[in-house]
Amino acid sequence: MTVGIQPRTITVPKRLLLGPGPSELDPEVARALSLPSLGHLDPAMVEIMQDIKRLLQYTFVTRNEATLAVSGTGTSAMETALANVIEPGDKVLVGIMGYFGDRLAQITAKLGGQVIRVEAEWGKAIDPDMIIARIKEVTPQVVCLVHAETSTGVVQPEIEHISSAAHEVGAVLVVDTVTSLGGQPVKVDDWGIDVCYSAGQKCIGAPSGLSPITFGELALDKINKRTTPVSSFYLDLNLLRNYWDSQQYHHTISAPLVYALHTALDKIQQEGLENRWKRHEINQRAFLAGVEALSLDLLAEKDHRLNTLITIKTTEDIAERTIRQELLNDYSIEVGGGIGPFQGKLLRIGLMGYGSRREFIIQLLAALESILRKHGRPVPEGCSVAAAMKVYETAL
Ligand SMILES: Cc1ncc(COP(=O)(O)O)c(C=O)c1O
């Protein structure tokens, strides 16, 4: 019997990935993917994994011993965070300002937690005072927040104040940093975050499939005092730690993904976290100057804009879909579209990790400008690139 498919070597187009993730790979990270395979308990593999743990502590700015990478995408880290700290019946206060806050609420409900939603209109940050007031009123066991909401390009401010309020009532604070870790400030210990997770494929600059996570003492204490077992085998923190720290087989980690994550984290260490945050900040400013020159409107308000993901409102005269298709077909550039209430109304541009680079920004602005002119917008020739270059000239 045959499946009727002719043998062939697959080819994939070369894209410039400037969407909400995955982001562009550094060529060295891409090369690491093709190193020879190793067994998941090989001493050489164990050494690389121990390095990853230390590099993750550096990237999360934490001393937490319980720091590792979950085998799976960002959602698996999200589920690991919640499945370990939430017990059925726990009151879980969830901050929701977009798609991923809502996902936190959905997972909480599946785990039997009582969801208490604190919401902001999509496109706005949640008022920290409102979260703090609700924490005092509800006295939850767990508080969950998204630091960088990828669906809207909004950053949640004042995590450290929210953390103090959570700790006053004995709650564990879980924070999603999928679109911020390695791109803009995240300081787990200083901000008092008890469980923090991310994903490989955004500002870390690795492929998707290994997702960083860290647990502090308060979270570990809650896990140790559980009266019900963790419902997942694959995501049970104690089993994962036995594998990462004591080499007890739990699952077969992907060797190429381990090499790539190591290389990507090593790049972060070489660049230095502060320099990396600064690079993302300057590139965001340059891109925004170009966007402003094109007379395009942004969704997120000035004080709550991410440096790593920019959301541009589209209008009916040129459909979002048209812009994205032309960027892809004519320039081989991928950007994201809107989701949820912003479906068809938003461009989502990721300037993350290796992708946050001057030459990519200039390329994207030039392409956007030409698409807008083609569709009749009165945009002066070269205006966006010139505006971005001005930022670079003064930023140096
Ligand atoms: C803020 C946030 N949380 C969680 C996730 C889920 O990550 P993944 O798609 O890797 O499962 C994403 C993905 O974009 C995200 O942006």
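A polar contact is taken here as a pair of N or O atoms within 3.5 Å; within protein, one atom must be able to donate a hydrogen and the other to accept it, and residues adjacent in sequence count only if both atoms are side-chain atoms. By this criterion, the side chain of Ser163 reaches the backbone oxygen of Gly192 at 2.8 Å. The model is predicted: local features need pLDDT of at least 70, side-chain atom pairs count only at pLDDT 80 or more, and totals for chains, interfaces and linings use all residues. Residues are numbered from 1 along each chain as its sequence is written, and side-chain values use heavy atoms, with hydrogens and water left out.

Ser163 is part of helix H6, residues 159-168. Helices (H or I, at least four residues) and strands (E, at least two) are DSSP runs, numbered from the N terminus. Ser163 counts as buried because its relative accessibility is 3%. The classes are buried (under 20% relative accessible area), exposed (over 50%) and partly exposed (in between), with a 1.4 Å probe and protein chains only. Contact means heavy atoms within 4.5 Å. Leaving aside neighbours within four places in sequence, Ser163 is in contact with Leu173, Trp191 and Gly192.

Gln156 lies in the loop between strand S7 (154-155) and H6. Its relative accessible area is 2%, so Gln156 is buried. The side chain of Gln156 reaches the backbone oxygen of Ile126 at 2.9 Å. With neighbours within four places in sequence set aside, the contacts of Gln156 include Met97, Ala125, Pro128, Val146 and His147.

Two positions carry residue-level annotations in UniProt. Such positions are given in the numbering used here, feature names are shortened, and annotations may be inferred rather than shown by experiment. An unreviewed UniProt entry lists Lys202 for "modified residue: N6-(pyridoxal phosphate)lysine". Lys202 is found in the loop between strand S9 (195-197) and strand S10 (210-215). Lys202 counts as buried because its relative accessibility is 9%. Not counting residues up to four places away in sequence, Lys202 touches Pro20, Gly21, Ser23, Thr150, Val178, Thr179, Met352 and Gly353. A polar atom of the Lys202 side chain lies 2.6 Å from the backbone oxygen of Pro20.

The feature "binding site" is placed by UniProt (unreviewed entry) at Arg348. Arg348 lies in strand S15, residues 346-350. With a relative accessible area of 8%, Arg348 is buried. A polar atom of the Arg348 side chain lies 2.8 Å from the backbone oxygen of Thr150. Thr150 is also one of the residues that Lys202 touches.

The UniProt annotation "domain: Aminotransferase class V" (unreviewed entry) covers residues 39-338. This span is 45% helix and 17% strand. Its end C-alpha atoms lie 41 Å apart.

Two packed helices are described by the angle between their axes and the distance between the axes. The axes of helix H2 (residues 43-60) and helix H9 (residues 237-246) come within 9 Å and cross at roughly 115 degrees. H2 is therefore roughly perpendicular to H9. Axes are lines fitted to C-alpha atoms, for helices over the stretch in contact, and angles run from 0 to 180 degrees between N-to-C directions. Angles under 35 degrees count as roughly parallel, over 145 as roughly antiparallel, 65 to 115 as roughly perpendicular and the rest as oblique. Met49, Gln50, Ile52 and Lys53 in H2 meet Tyr243, Trp244 and Asp245 in H9. The residues of this contact divide into four nonpolar, one polar and two charged. Here Ala, Val, Leu, Ile, Met, Phe, Trp, Tyr, Cys and Pro count as nonpolar, Asp, Glu, Lys and Arg as charged, and the others, Gly among them, as polar.

Gln247 sits in the loop between H9 and helix H10 (255-271). Phi of Gln247 is near 55 degrees, a positive value in a residue other than glycine. Gln247 is partly exposed, with a relative accessible area of 31%. Thr139, in the loop between helix H5 (128-138) and strand S5 (142-146), has a phi near 40 degrees, likewise positive in a residue other than glycine. At 35% relative accessibility, Thr139 counts as partly exposed. The peptide bond from Gly21 to Pro22 is cis, with omega near 5 degrees. Pro22 lies in the loop between strand S1 (16-17) and helix H1 (27-32).

Lys374 belongs to helix H13, residues 358-374. Its relative accessibility is 56%, so Lys374 counts as exposed. Apart from neighbours within four places in sequence, Lys374 is in contact with Glu326 and Asp330. A polar contact of 3.3 Å joins the side chains of Lys374 and Glu326.
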